Amino acid sequence: MTKKIIQNTIGLIVTTIIIIAIIQVTYYYYSEHMKLVNHNEITEFIDTELTFEQDSLTKELAMIDDFLDERYLNNEDIGRLYERKSNIYKFQNDYANYARSIGYALYYLENSDDIDYTANILLDLAMFYLVNDNYECAQDSMAELYEITSIENIKDNQVRSYAYRLRGILKFRNKQYFAAEQDFLKAQNAIANSNTGIYEEAYTAMNEVNLAKVYYFEGRLDEAQAIIDKYEDSDLFNQSTYASFLVRDFVLPYYEAVIYITSSEAPEYTDVLDIYMSYCEQYNYFSWELNTLIFLLEHRPPATKTEMKSFYTVINKAYANAAYTGSQTYTALINGEIEDSIETVRDNQYHSKSRSNRTRIYLIILLVSIILAVTTGAIIKTSKYDALTGVLSRGAFDDDLAKTIKRNTPYGIIMIDIDDFKKVNDTYGHQTGDIVLKELGKILVSFKNSQITPYRYGGEEFVVIVYANALSTINLIGENIRKVFSIVDWDFAPVTLSVGIAVSDDDFATTLKRADENLYISKTTGKNKTTFK
């Protein structure tokens with residue numbers, strides 16, 4: 001391999017690497033740009049409030065699916081879209097899809113940099129378990145949150161307030177009233193540091209009605225009553241936007257606090273209980289309804305047998321509803337729907353990356369193969385052809401002559417030498433000599449066909465193999481080459497050729513030698529002539 005071939009090969013490899021790098025960098029910046037464009041659109045979409053009207057929710061699901069079909073999305077946006085989807089499914093009581101969407105959301109968000117949104121989903125999941133009276137699973141979800149971050153390190157004031165409130169609810173359920181109170185106050189402090197004007201009023205109300213429940217069990221009835229009075233005519237009872245969440249986090253806790261207070265005083269709680277139960281049954285909070293009825297049964301049971309019988313009828317209905325919805329709700333969860341969905345998306349991601357890696361490997365193999373093919377072709381071409389004159393090389397001549405002799409095929413040899421070529425180089429320079437060689441190469445190539453093959457034999461010597469069908473005119477071929485070259489109009493001085501010709505006889509191997517001897521005769525008997533004996 002010549003130095004030029006090595007240089008060309010290295011250049012080809014470097015160029016290929018540069019092209020690949022440019023393509024990768026271009027694709028990277030393009031994909032990042034598209035991710036940013038999609039991120040802005042998704043953020044605007046996510047920030048719009050859910051109305052929980054069926055037609056609107058159907059459109060929302062279709063829009064989410066359209067977003068998820070986009071190729072350029074970051075994990076944070078995918079997770080937020082699935083979280084939005086889970087809220088819709090939960091409202092529709094489609095708990096299988098709810099659990100599946102939550103699993104997808106958790107997977108993508110835990111593989112993103114957005115800790116706050118991941119925390120919010122885990123809080124929603126814990127609240128979901130609480131709503132369905134699964135205290136242990138709620139604690140597990142909170143434990144998973146603590147593995148990711150502490151509540152104090154959550155940056156978003158809304159999420160941090162939510163986390164403190166939910167932890168307070170869990171402590172309240174465990175009858176740790178003082179600890180629960182501290183968490184509700186911390187939730188309030190988080191809201192005090194927020195000024196978006198969007199959620200602060202609702203979150204303050206949510207925290208305070210939970211505080212009212214704590215105050216009742218701590219014996220601070222006046223403080224509990226003050227909170228109840230404060231929100232008696234609140235507009236939050238009549239909100240259609242995020243109504244489900246307001247019922248869960250404000251309305252039901254409010255009426256629970258009212259029931260607790262009125263159960264220990266003279267006024268009857270029947271009217272309030274009816275309102276509370278209607279909310280529970282409308283939004284499927286049957287476990288909460290059952291727990292409140294049991295509380296009343298323990299703390300202020302009906303006075304008469306008739307009332308007791310009627311009350312038990314209500315409790316039995318609530319129990320049946322709680323058992324039924326609990327069964328429906330937990331089927332997907334108990335069967336590991338969330339874990340299965342996480343595992344599914346993890347497997348899909350793994351296979352996607354594997355396919356991507358295989359594609360890269362195939363492309364690299366393809367590029368290397370192309371480089372090797374081009375390089376091999378260049379080597380073969382360079383070794384087979386003379387780079388300066390364009391005719392076949394000495395190596396190619398030796399191979400072709402050996403094959404011809406081996407086949408015992410009749411052939412002829414035309415040996416050509418440029419007369420006084422050394423003088424041309426010495427007088428006019430090697431660049432002029434190269435011009436003469438190139439011109440002779442062009443002439444020889446013009447004679448080339450299936451029966452006539454020219455080669456550069458070495459230096460200023462050339463050789464032509466003439467095969468059987470053209471052997472009868474071999475002398476004419478050699479003479480024509482000499483004549484065409486002799487009439488070339490040179491800028492410096494006339495240049496001629498000496499030609500020697502021989503045709504194979506019984507001794508095929510001596511043909512080249514006899515052609516060379518005839519060339520010698522032409523050179524020593526005046527030059528610019530053709531000898532054929």
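1. Confidence. The model is predicted, so each part should be read with its pLDDT, which is the predictor's confidence in each residue. The chain averages a pLDDT of 84, and 85% of the residues score at least 70. Within the chain, the lowest confidence falls in helix H15 (residues 337-384), where the mean is 63. The highest is in strand E3, at 96.

2. The sheet as a whole. Which order do the strands take in the open sheet? Five strands make it up, in the order E2-E3-E1-E4-E5, and their pairing is mixed. E2 and E5 (530-532) are the edge strands, each pairing on one side only. On average, neighbouring strands of this sheet are turned by 20° against each other, direction ignored.

3. Strand E3 and its cover. E3 covers residues 461-467, and six of its seven residues are buried. This strand is therefore mostly covered, given that buried means under 20% relative accessible area. E3 is also the part of the chain where confidence is highest.

4. E1 against E3. Strand E1 (residues 411-418) is joined to E3 by seven bridges, and the two run antiparallel. Two pairs can be followed in the structure. Ile-416 stands opposite Phe-462 in E3, and Gly-412 has Val-466 of E3 as its bridge partner.

5. E2 against E3. On the other pairing, strand E2 (residues 452-458) meets E3 in the antiparallel sense over six bridges. Here Pro-454 has Val-464 in E3 as its bridge partner. E2 and E3 form a hairpin, with two residues between them. Gly-459 in the turn has a positive phi of about 60°. Most residues other than glycine have a negative phi.

6. E4 and its two partners. Strand E4 (497-503) pairs with E1 in the antiparallel sense over seven bridges. In that pairing, Ile-413 stands opposite Ala-502 of E4. How do E4 and E5 run, parallel or antiparallel? They run parallel, joined by three bridges. Gly-500 has Thr-531 in E5 as its bridge partner. Six of the seven residues of E4 are buried, so the strand is largely enclosed by the rest of the structure.

7. Side chains in a strand. When looking at the sheet, a student may keep one general point in mind. In a regular strand the side chains alternate between the two faces of the sheet.

8. Helices H9 and H11. The axes of helix H9 (residues 200-217) and helix H11 (residues 243-263) come within 9 Å and cross at roughly 25°. Angles under 35 degrees count as roughly parallel, and H9 and H11 are therefore roughly parallel to each other. Their crossing is left-handed.

9. Asn-408 and Lys-527. Both residues have a positive phi although neither is a glycine: about 55° for Asn-408 and about 65° for Lys-527. Asn-408 lies in the loop between helix H16 (394-407) and E1. At 52% relative accessibility, Asn-408 counts as exposed, because the cut-off for exposed is over 50%. Lys-527 is found in the loop between H20 and E5. Its relative accessible area is 29%, so Lys-527 is partly exposed.

10. Asp-505. Where does Asp-505 lie? It is in the loop between E4 and helix H20 (511-524). With a relative accessible area of 39%, Asp-505 is partly exposed. Asp-505 and Pro-410 are 95 residues apart in sequence, yet their C-alpha atoms are 7.7 Å apart in space.

11. Tyr-82. This residue has its place in helix H3 (residues 75-91). Tyr-82 counts as buried because its relative accessibility is 15%, and the cut-off is under 20%. From Tyr-82 to Leu-61 there are 21 residues in sequence and 9.9 Å in space, C-alpha to C-alpha.

12. Cysteines. How many disulfides are there? The count comes to zero when a disulfide is taken as a pair of cysteine sulfur atoms within 2.5 Å. Cys-137 counts as partly exposed, at 25% relative accessibility, whereas Cys-280 counts as buried, at 0%.

Key
Residues are numbered from 1 along each chain as its sequence is written. This is a predicted model: local features need pLDDT of at least 70, side-chain atom pairs count only at pLDDT 80 or more; totals for chains, interfaces and linings use all residues. Side-chain values use heavy atoms; hydrogens and water are left out. Buried means under 20% relative accessible area, exposed over 50%, partly exposed in between (1.4 Å probe, protein chains only). Helices (H or I, at least four residues) and strands (E, at least two) are DSSP runs, numbered from the N terminus. Two strands pair if DSSP finds at least two bridges between them. pLDDT is the predictor's confidence in each residue, from 0 to 100. Axes are lines fitted to C-alpha atoms, for helices over the stretch in contact, and angles run from 0 to 180 degrees between N-to-C directions. Angles under 35 degrees count as roughly parallel, over 145 as roughly antiparallel, 65 to 115 as roughly perpendicular and the rest as oblique. A crossing is left-handed if the near helix is turned anticlockwise from the far one by less than a right angle, and right-handed if clockwise.
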